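Please open the structure in a viewer that lets you select residue ranges by chain. The tour below moves from one selection to the next and says what to look for at each stop.

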Amino acid sequence: MIAVGVVLLIAGIIFAAAGGGGEHQAEGHEAAAAGHEAVSWTKRLFVNLWMNNVYFSGIALIGTFFVAIQYVSYAGWSVLIKRIPEAMSYYLPIGGVIMLLVYLFGSHDIFHWTHDYLYDVNSPEYDPIIAGKSGYLNTAFFLIRMALYFGLWIMFSMWLRKESINEDMNGGTANYHKSIRISAMFLVVFGITSSTSAWDWVLSIDTHWFSTMFGWYVFASWWVSGLAAITLTVIILKQNGYLKMVNSNHLHDLGKFVFAFSIFWTYIWFSQFLLYWYANIPEEAIYFIERLGGNAGHYKWIFFTNLLINFAFPFLVLMTRDAKRQMIMLKLVTIAILVGHWLDFYLMMMPGTLGTSAGIGFIEIGTALMFLGIFLLAFTKGLTKASLVPINHPFVEESVHHHV
Amino acid sequence: MNKKFVLGIYDDEDVLLHAIENIRAAGTKIYEVFSPYPIHGIDDVLGIKRSRLPIVAFFGGLTGMSFALWMQIWMLGFDWPMIIGGKPHISLPAFIPVTFELTVLFSAFSMVIAFFIVSNLKPSLRVNMLDKRSTDDKFVMAIEVKDGVTDLSALNELLRSNGAVEVNEKEVVK
């Protein structure tokens with residue numbers, strides 16, 4: 001039975017190297033060609049690059065987070081699919097490089113607070129509020145933090161991956177116990193950096209605004225998209241003849257994860273919205289006004305689509321047990337969630353940067369597909385590096401016989 | 001009216017699971033199986049259908065949601081309109097927490113009540129213990145005996161050939 005795992009070594013490269021690579025090339029041209037249509041197309045391009053990179057880096061990070069959670073909770077059911085989240089983190093180094101480059105070249109286009117005149121007392125543009133935040137929001141510290149986040153994330157993801165692969169070769173439980181300790185350390189790091197990176201990369205776009213829920217909000221969005229990505233990959237791999245031992249019981253658990261955390265995201269969304277709506281203090285409510293009636297109602301449809309596609313749809317469709325066990329339903333919902341949370345990040349970043357001139361055109365779709373292509377290349381490269389089933393994991397038998 | 005049962009006593013859970021399969025395949029209806037602890041997969045083997053409790057939960061929740069929305073909209077919007085925090089009389093975001101709570105409450109209560117009714121749990125319930133050892137270290141399979149229909153010796157043979165360590169008869173007074 002375990003020998004089947006070795007056969008599965010020829011991972012999902014075929015479909016993704018072909019499909020992902022093709023998309024990548026085609027869309028690269030499209031994005032470049034479409035660039036000339038918009039007025040401030042470089043700004044629009046930089047914001048799009050930033051947004052997509054934050055989204056995909058988050059999904060990649062969730063891969064390691066998922067694995068770490070499974071380790072510290074001594075979970076057995078997920079062993080068969082654990083190589084997929086592991087491989088997702090292969091995008092992290094690429095994401096780090098892109099993040100750094102986009103910041104270096106496009107920081108003024110994305111972040112209002114990077115302009116020097118805001119901090120000059122003699123300047124007519126002097127902004128005492130932003131100047132008061134300069135202890136945290138300054139380019140040097142921002143770059144140090146960015147390097148620190150990616151450094152730590154990449155280190156832990158590679159460390160866990162190394163233990164996991166060594167386990168395949170050596171057997172025994174030493175690697176397993178070590179992985180639990182690494183995971184526990186990573187979760188502490190993740191708890192802090194997931195919040196602070198959300199402040200840095202997303203919240204600081206709306207420099208004047210602040211929300212104590214924001215770290216959670218971005219985490220919830222990343223987490224549910226990451227879970228959707230894992231589930232979708234499992235299904236696609238299974239339908240292409242890999243992961244034969246994964247059955248509807250594993251899918252059921254993944255479906256429960258997606259279902260539960262789409263509700264969790266809504267809960268966080270509403271907790272943030274309700275307080276600002278109720279208090280109705282101008283400097284707080286402006287964030288939602290920009291996204292509803294403000295900006296000439298430009299974002300209104302996305303605001304409601306966001307709730308519909310990320311809450312109502314998964315909630316109603318995945319409610320029954322049968323839906324969570326059927327690949328077609330899970331596929332529908334996970335694709336909807338991945339698109340929906342892309343829109344969610346769009347809604348977080350666009351009003352503060354592009355305002356009324358934002359749109360969803362060739363640049364947006366082109367950049368998104370380009371990033372999807374790069375992500376899939378890194379992801380599938382990771383998948384091919386090791387057996388799809390961790391053959392010497394102490395819980396692999398339990399996972400094979402998983403039954404709910 | 002009294003009921004008569006033939007009890008097959010087993011001391012191994014795997015033997016029991018196979019016995020259930022074989023005995024059902026032989027066309028004998030099993031009244032109930034008693035076990036000291038939950039046995040994984042026994043529901044499928046016994047042919048017990050999945051609980052329909054989730055459906056009750058869904059409609060309970062739907063009732064709770066409708067009730068909560070109706071209550072707040074009618075009370076705060078029509079019966080006794082009040083301005084709270086400068087918001088419109090009917091302002092949906094403020095109603096969401098109450099709606100959520102009542103949805104959960106109705107859903108939970110409807111499930112508990114439906115469970116009590118369906119499984120006939122009531123204060124006056126008297127439980128007939130067919131064999132006390134089923135709370136300790138034995139598994140007990142009960143098959144109802146119908147006078148003149150059931151062939152006792154054949155049943156005895158069927159149970160024993162499927163690994164029963166003991167076969168008893170028991171009469172229960174209703």
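A crossing of two helices is called left-handed if the near helix is turned anticlockwise from the far one by less than a right angle, and right-handed if it is turned clockwise. Helices (H or I, at least four residues) and strands (E, at least two) are DSSP runs, numbered from the N terminus. This is a predicted model, in which local features need pLDDT of at least 70 and side-chain atom pairs count only at pLDDT 80 or more, while totals for chains, interfaces and linings use all residues. Residues are numbered from 1 along each chain as its sequence is written, and chains are lettered from A and ligands numbered from 1 in the order in which they are written.

Begin in chain A by selecting helix H9 (residues 214–239) together with helix H15 (residues 327–353). H9(A) passes H15(A) in a left-handed crossing, and the two pack at an angle of about 145° with their axes 9 Å apart; axes are lines fitted to C-alpha atoms, for helices over the stretch in contact, and angles run from 0 to 180 degrees between N-to-C directions. Among the residues that make this contact are Val224(A), Ala228(A) and Leu232(A) of H9(A) and Leu330(A), Thr334(A) and Leu338(A) of H15(A), where contact means that the C-beta atoms, placed from the backbone, lie within 7 Å.

The crossing of H3(A) and H15(A) is right-handed. To see the meeting residues, show Val47(A), Met51(A), Val54(A) and Tyr55(A) in H3(A) against Trp342(A), Phe345(A), Tyr346(A), Met349(A) and Thr353(A) in H15(A).

Now move to chain B, where four strands form an open antiparallel sheet in the order E2-E3-E1-E4; strands pair if DSSP finds at least two bridges between them. Strand E2 (32–34) and E4 of chain B stand at the edges with a single partner strand each, so one side of each is left without a neighbour in the sheet. Select strand E1 (residues 2–10), which eight bridges join to strand E4 (residues 166–173) of chain B, with Leu7(B) partnered by Asn168(B) in E4(B). E1(B) also pairs over seven bridges with strand E3 (residues 139–145) of chain B, and there Ile9(B) stands opposite Val140(B). Three bridges join E2(B) to E3(B), and Val33(B) stands opposite Met141(B) in E3(B).

Finally, display both chains: four residues of chain B are in contact with five residues of chain A.

How values were computed:
Contact = placed C-beta atoms within 7 Å.
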